[in-house]
Amino acid sequence: MNIKELLSHDSSRHFSFEVLPPLKGNGMESLFRTIDKLREFNPLFINITTHHSEFVYHQREDGLIERQSIRRRPGTIAVAAAIQQRYGIPVCPHVICSGASASRIEYELIDLQILGIDNIMLLRGDKAREDKRFTPHPGGYAHTTELIEQVNKFNDGFFIDGTPIKHPGAKFHYGVAAYPEKHEEAPNLEQDIMYLKKKQDLGADYAVTQLFYDNNKYFAFVDKARSMGVTMPIIPGIKPFAKLSQLTVVPKTFHCDIPEELAALARHCATDDDARQLGIEWATRQVRELYRHGVNNVHFYTVSAVDSVHEIVKRLLTE
């Protein structure tokens, strides 16, 4: 069953969550512990992030600086397959433009199809850490819409060079990202929503939002998106604070505002445990309000917050 069908299957309250593949050289045990902790609540699906290669600089023996490309978190497709096989929970790996050529993306689609994984999340991806602005990979894409067009062509039975696929498999169903406070590179919210509408028109089934802490911004975004013709589900993305440092780092990293009420509460946090408790209380309050507004599906970002997410979902589902 694809994600769109899962979302509309019944009117019960559900949640999904996102995980990060283990660092290169690490095993899957920690990731399995995360899933073991959350699967008791019957998650609707699990997203698996992916990351482009990064550049590191090393000084050679001759004194010159050499730039090398490395991948710190390989194996998104393999991780998705392992989760699906072990747990039987629908998985939705990210497929991104960043750091990938169209040819490489094509092989990712082939691998996913062989593994029977037909739910994917299509994203541009973040700019490389060393770049001032997003730079597409040679032979790759600058925009998610271009990536969508490649997937659509693959779904129609053709490789990127126009060669027919002799034995087409199941078609991919895909979601995209949405930004209640607009993407950092968008000139305004209206243009950002215009591109969201274009992704829908190209075939996106649903959108998952960037994390936010002010529900009013999510409600206003959804209302505006609906007025501009976006009809697909827009799933709110929630990430609870888990450490003191995140109270300042998360808004800067993800370009989201902190409501004054939350900021005032945060100023009283003296320890990481204080911040974690605040994160749990605030996120629980957010989701309760989302429920009251008719939102039945919430997506949690679990990185560094697995225990908090567990506590939040436990509270919500036992009310």
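Reader: Which residues is S101 in contact with, leaving aside neighbours within four places in sequence?
Author: H137, P138, G139 and G140. Keep in mind that this is a predicted model.

Reader: Where does S101 sit?
Author: In the loop between β5 (91-96) and α4 (102-114).

Reader: Buried or exposed?
Author: S101 is buried. Its relative accessibility is 17%, and the cut-off for buried is under 20%.

Reader: New topic: strand β7. How many of its residues are buried?
Author: 5 of the 6, counting residues 173-178. So β7 is largely enclosed by the rest of the structure.

Reader: Which strand pairs with β7 over 3 bridges?
Author: Strand β6, residues 119-123, in the parallel sense.

Reader: Which helix goes with β7 and β8 in a β-α-β unit?
Author: Helix α6, residues 189-202. The unit is right-handed.

Reader: Switching to α11. How far apart are its end C-alpha atoms?
Author: 16 Å. The helix has 12 residues, 306-317, and at 1.5 Å a residue they should span 16 Å, so the two agree.

Reader: Which α11 residues are buried?
Author: V306, S308, V309, H310, I312, V313 and L316.

Note on methods. Residues are numbered from 1 along each chain as its sequence is written. This is a predicted model: local features need pLDDT of at least 70, side-chain atom pairs count only at pLDDT 80 or more; totals for chains, interfaces and linings use all residues. Side-chain values use heavy atoms; hydrogens and water are left out. Buried means under 20% relative accessible area, exposed over 50%, partly exposed in between (1.4 Å probe, protein chains only). Helices (H or I, at least four residues) and strands (E, at least two) are DSSP runs, numbered from the N terminus. Two strands pair if DSSP finds at least two bridges between them. A crossover is right-handed if, with the strands pointing away from the viewer, the path from the first strand over the helix to the second runs clockwise. Contact means heavy atoms within 4.5 Å. The expected span of a helix is 1.5 Å times one less than its number of residues.
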